[in-house]
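Subject: Structure handover

Hello,

Here is the structure I promised you. Please open it first, then read my notes alongside it.

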Amino acid sequence: MELGVRLRSCQPPPNTSQPPPPAISFGAWPCPRRPRPRHAGAPRVAAPDSRPGPVETICADSVGQGTKGDKFFTVEMTVRDCELDHYGVVNNAVYAAYIEKAREELACSLGISRCSIASTGNAMALSDLKLNYFAPLKRGARFVVMVRVVQIKGARMVVEHFIETLPERKLVLEATATVVCLNKDYRPTRVFPEVASKLRRFFSS
């Protein structure tokens with residue numbers, strides 16, 4: 001299971017208002033826009049009582065409860081020079097890779113393996129991705145990507161994403177994705193039971 005688009009080089013893509021639609025990912029369908037989440041301290045998984053650590057530290061922000069609550073899986077990152085456009089800010093298309101990275105880390109932390117899914121002939125396809133931009137990220141900026149699964153129904157899952165600067169927690173981006181589970185004939189099928197149970201357990205704990 002591959003989660004969204006992945007950067008393969010340090011050559012920035014052309015600046016566009018929306019990223020190209022990824023082929024395979026771990027996402028969700030559109031849902032009503034939710035208010036900006038309230039944040040509590042996000043403890044590191046390895047050290048729950050410590051402050052967030054360096055780049056790409058994986059955290060679990062346990063505010064609220066359930067897939068409709070305010071619990072987030074978070075990943076901290078830092079802007080790289082190769083992600084900038086000619087104006088010195090992160091290229092719009094790169095944000096899809098940021099949120100894909102966070103979804104991938106979420107799946108990995110829950111033991112959801114794209115290899116095991118692919119070995120059965122099944123797949124997961126990102127069918128829709130909506131991004132709303134609020135502020136740019138610049139060279140060397142530290143930021144956090146927050147991910148939560150808000151709905152699992154039929155063949156689809158709803159995933160919300162927020163990107164905020166660190167340490168200011170200024171909102172940079174909101175995104176909603178749609179993932180569809182596919183059978184061996186690449187037809188929509190119910191969300192795979194092992195995926196649904198692991199996600200529900202995590203976001204309900």
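The side chains of R148 and E160 form a salt bridge, with N and O 2.8 Å apart. A salt bridge here is a side-chain nitrogen of Lys or Arg within 4 Å of a carboxyl oxygen of Asp or Glu. This pair links distant parts of the chain, twelve residues apart: R148 sits in strand β4 (residues 142-153) and E160 in strand β5 (residues 156-166). Strands are DSSP runs of E with at least two residues, helices are runs of H or I with at least four, and both are numbered from the N terminus. R148 and E160 are both buried. Buried means under 20% relative accessible area, exposed means over 50%, and partly exposed lies in between (1.4 Å probe, protein chains only).

Before you go further, note that this is a predicted model: local features need pLDDT of at least 70, side-chain atom pairs count only at pLDDT 80 or more, and totals for chains, interfaces and linings use all residues. Residues are numbered from 1 along each chain as its sequence is written, and side-chain values use heavy atoms, leaving out hydrogens and water.

Now the strands around that pair. β4 and β5 run antiparallel and share eleven bridges. Two strands count as paired if DSSP finds at least two bridges between them. K153 lies opposite R156 in β5. The two strands make a hairpin with two residues between them, and G154 in the turn has a positive phi of about 60°.

β5 has another partner. It pairs with strand β6 (residues 171-182), again antiparallel, over nine bridges. V158 has T178 in β6 as its bridge partner. Four residues separate the strands of this hairpin, where R169 takes a positive phi near 60°. How many of the eleven residues of β5 are buried? Ten are, and the strand is mostly covered.

Back to salt bridges. The count comes to eight. K101 and E105 make one of them, with their closest N and O atoms 2.9 Å apart. Both residues lie in helix α1 (residues 94-109), and because they are four residues apart, about one helical turn separates them. K101 and E105 are both buried.

Another salt bridge joins the side chains of E83 and R80, at 3.0 Å from N to O. R80 is partly exposed, at 39%.

Next, look at F192. This residue is in the loop between β6 and α3 (193-204). F192 is buried, with a relative accessible area of 6%. Leaving aside neighbours within four places in sequence, F192 is in contact with I117, N122, A123, M124, C181 and L182. Contact means heavy atoms within 4.5 Å. A155 is 37 residues from F192 along the chain, yet their C-alpha atoms are separated by 8.4 Å.

Finally, the whole chain. It has three helices and six strands. Along the sequence they follow the pattern β-β-α-α-β-β-β-β-α. Of the 205 residues, 51% are buried. Among contacts with a separation of 6 or more, 69% join residues 24 or more positions apart. The chain exposes about 10,200 Å², and carbon and sulfur atoms supply 52% of that area. Accessible areas come from the Shrake-Rupley method with a 1.4 Å probe; for residues, only the protein chains shown count as cover.

Best wishes
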